[in-house]
Amino acid sequence: MGLDSTIEELLDQMMEHSGLVKKHHRVLEFGCDNGIMLNYFKKYKLELFGVDINGKSIEAGHRHFPELNLVKSTGLEIPFRDDYFDVIFASAVLKHIRYEDREKVYQEFSRVSKYIIVWGKNSEKKTVEEMGGFKFYHSNFKEELELFFHSNKIIEINDDILGLYEKK
């Protein structure tokens with residue numbers, strides 16, 4: 001899986017806007033699976049980290065991408081010190097967080113990072129969808145994230161949002 005050129009261009013703009021491309025920084029991908037999406041950030045010469053709930057994916061990432069710093073985590077506790085990261089990248093993963101866990105996860109995002117870049121489907125109302133043994137907790141991520149972050153730039157692409165948020 002990779003990014004199409006339009007999304008890459010928009011992410012480049014967000015990285016430039018946040019100042020992350022100007023000097024050495026740390027990026028955390030939340031819900032990184034095996035780390036493949038972190039490849040996009042390699043061009044910036046950043047320290048790349050990932051967390052994922054799936055231990056087997058983390059193990060596969062260690063084999064395929066040994067240069068990445070991948071750790072198993074549910075997101076309820078991100079195992080890094082306060083303000084360790086400059087940006088968190090969360091792509092198509094917020095919908096997997098149960099409603100009752102969202103506030104704690106967003107607090108953790110705010111604790112460990114100054115910025116978050118979110119890419120995913122935004123829904124005006126809460127709905128739970130089951131598909132292939134998984135539950136998807138759809139909601140209005142734009143509004144939820146505003147509790148902990150200021151939106152700097154929001155781009156709507158069909159039903160998806162690509163948003164850059166800064167810690168309040």
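**The largest pocket and beyond**

Guide: Sorted by class, the residues lining the largest pocket are 13 nonpolar, 7 polar and 5 charged. Keep in mind that this is a predicted model. The space in the largest pocket comes to about 690 Å³. Its lining takes in 25 residues, and G31, D52, I53, V93 and H96 are the closest to the centre. Which elements give two or more residues to that lining? They are β1 (26–30), β2 (47–52) and β7 (134–138).

Next, the loop between β1 and β2. C32 sits in this loop. C32 is buried because its relative accessibility is 2%, and the cut-off for buried is under 20%. Beyond its sequence neighbours up to four places away, C32 touches G50, V51, D52, I58 and L70. One of these partners, D52, is among the residues closest to the pocket centre.

Is K45 buried or exposed? K45 is exposed, because its relative accessible area is 65% and exposed means over 50%. The backbone of K45 deserves a check too: phi is positive, about 60°, although K45 is not a glycine.

Now strand β2. F49 belongs to this strand. Its relative accessible area is 6%, so F49 is buried. Setting aside residues up to four places away in sequence, F49 touches R26, V27, L28, E29, L38, N69, F80, Y84 and F85. As for L38, it is 11 residues from F49 along the chain, with 8.1 Å between the C-alpha atoms.

Move on to helix α2, residues 55–64. Its buried residues are S57, I58, A60 and G61. Why do they share one side of α2? Because they cover an arc of only 160° around the axis, they lie on the same side of the helix. What do they pack against? The buried residues of α2 pack against β2 and β3 (69–72). One of the buried residues, I58, is also a contact of C32. On the face turned away from the buried side, α2 carries the exposed residues K56 and R63. The N-terminal end of α2 has a cap as well. N54 supplies it, with a side-chain oxygen 2.9 Å from the backbone nitrogen of K56.

N140 lies in the loop between β7 and α4 (141–145). N140 counts as buried because its relative accessibility is 9%. Its side chain works in two directions. A polar contact links the side chain of N140 to the side chain of N122, at 3.3 Å. The side chain of N140 also reaches the backbone nitrogen of E143, at 3.1 Å. Which residues does N140 contact once neighbours within four places in sequence are left aside? They are N122, S123 and E124.

How many cavities of 30 Å³ or more does the structure hold? It holds 1. The volume of the largest cavity is about 40 Å³. Its lining consists of A92, V93, L94, K95, V118, W119, G120, K121 and F141. One of them, V93, is also among the residues closest to the centre of the largest pocket. Strand β5 (residues 113–121) supplies the largest share of the cavity lining, 4 residues. By class, the cavity lining has 6 nonpolar, 1 polar and 2 charged residues.

One last stop, for the backbone. N158 lies in the loop between β8 (149–157) and β9 (160–167). Phi of N158 is near 55°, again a positive value in a residue other than glycine. N158 is exposed, because its relative accessible area is 78%. So K45 is exposed, and N158 is exposed as well.

Notes: Residues numbered from 1 in each chain as written. Predicted model: local features only at pLDDT ≥ 70, side-chain atom pairs only at ≥ 80, totals over all residues. Heavy atoms only, no water. 1 Å grid on protein atoms, 1.4 Å probe; cavity = no way out; pocket = protein on both sides within 12 Å on 5 of 7 lines; lining within 4 Å. Points joined across faces, edges and corners; volume = space filled by probe spheres on them. Nonpolar A, V, L, I, M, F, W, Y, C, P; charged D, E, K, R; others polar. Buried < 20%, exposed > 50% of the residue type's maximum accessible area, 1.4 Å probe, protein only. Arc of directions from axis to C-beta. Contact = heavy atoms within 4.5 Å. Polar contact = N/O pair within 3.5 Å; in protein donor to acceptor, adjacent residues only side chain to side chain.
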